[in-house]
Each structure stands twice: as C-alpha cells, then as structure tokens.
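The following questions and answers examine a single protein model. Please consult the sequence and the structure as you read.

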Amino acid sequence: MSGEDLVSVDYEVFGRVQGVFFRKYTQAEGKKLGLVGWVQNTSAGTVKGQLQGKRSGVEEMQAWLKSTGSPKSKIQKAEFRNEKTVERLDHSSFDIVK
C-alpha cells in the first residue's frame with residue numbers, strides 16, 4: 001500500500017440506468033480503477049452497489065457514476081452513503097449481483 005486510505009462507500013444511481021449495460025460498464029470501470037465491490041439493479045429502476053479501494057480510485061469512480069456511466073445511460077443523479085475508512089477490503093473482486 002502506498003499509505004493511501006482504503007475507503008468504502010455505498011452508492012445508488014438514478015436515471016435511465018437499466019437495460020443500457022450500466023452494470024457491465026460499472027464493473028469494468030471499477031476493475032480498471034483497482035476497486036472491489038458490487039453492482040445491482042433495483043426494483044425501483046435504479047442501480048446500487050458498494051465501492052471499496054484506495055481513496056483516489058473511489059473518488060474517480062464516484063465522478064464516473066455521477067457523469068459518465070454506460071454509453072446509452074442517462075444519469076439524473078448519483079447518491080453516496082456510508083463513506084468510511086476501512087482497515088481491509090470486504091470483497092475480493094467487483095461483481096454484478098443478479
């Protein structure tokens with residue numbers, strides 16, 4: 001570790017984020033940034049999940065979830081909750097939860 005804090009944050013993304021490969025792109029972006037966690041569609045039509053990793057990667061992913069997403073998505077907003085520093089990661093990969 002480079003001495004950078006490990007953080008965990010829960011997220012939910014609103015807008016046209018289902019049926020547009022949002023989970024697949026989220027998983028790929030998370031892996032690219034060296035993060036672990038999960039992503040899942042909700043019955044409310046949103047996408048939610050958890051990010052864990054180095055603070056800089058988590059912050060970059062938060063920006064991606066707020067403004068980029070998958071090519072066909074239309075993001076209205078992204079909400080982040082329960083951000084905290086963690087001693088170790090709870091996940092070993094970045095998974096799509098069905």
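**Backbone, helices and core**

Q: Is phenylalanine 21 buried or exposed in this predicted model?
A: Phenylalanine 21 is located in the loop between S1 and H1. Its relative accessibility is 60%. Exposed residues are those over 50%, so phenylalanine 21 counts as exposed.

Q: What is phi of phenylalanine 21?
A: Phenylalanine 21 is a residue other than glycine, yet its phi is positive. The value is near 60 degrees.

Q: Is asparagine 82 buried or exposed?
A: Asparagine 82 belongs to strand S4, residues 74-86, and has a positive phi near 60 degrees. Its relative accessibility is 51%. Because the cut-off for this class is over 50%, asparagine 82 counts as exposed.

Q: How are the directions of H1 and H2 related, roughly parallel or roughly antiparallel?
A: The axes of helix H1, residues 22-32, and of H2 come within 11 Å and cross at roughly 160 degrees. Angles over 145 degrees fall in one class, and therefore H1 relative to H2 is roughly antiparallel.

Q: How far apart in space are arginine 23 and lysine 48, C-alpha to C-alpha?
A: Arginine 23 is found in helix H1 and, at 22% relative accessibility, counts as partly exposed. Beyond four places in sequence, it touches residues including Val39, Val47 and Ile96. Arginine 23 and lysine 48 are 25 residues apart in sequence, and their C-alpha separation is 9.3 Å.

Q: Which elements give two or more residues to the largest nonpolar core?
A: The largest nonpolar core has 18 residues, and Tyr11, Val13, Phe22, Leu35, Leu51, Met61 and Leu65 have the most contacts inside it. The elements that give two or more residues to this core are strand S1 (6-16), strand S3 (47-54) and helix H2 (55-67).

How values were computed:
Residues are numbered from 1 along each chain as its sequence is written. This is a predicted model: local features need pLDDT of at least 70, side-chain atom pairs count only at pLDDT 80 or more; totals for chains, interfaces and linings use all residues. Side-chain values use heavy atoms; hydrogens and water are left out. A nonpolar core is a set of buried Ala, Val, Leu, Ile, Met, Phe, Trp, Tyr and Cys residues joined through side-chain atoms within 4.5 Å. Buried means under 20% relative accessible area, exposed over 50%, partly exposed in between (1.4 Å probe, protein chains only). Helices (H or I, at least four residues) and strands (E, at least two) are DSSP runs, numbered from the N terminus. Axes are lines fitted to C-alpha atoms, for helices over the stretch in contact, and angles run from 0 to 180 degrees between N-to-C directions. Angles under 35 degrees count as roughly parallel, over 145 as roughly antiparallel, 65 to 115 as roughly perpendicular and the rest as oblique. Contact means heavy atoms within 4.5 Å.
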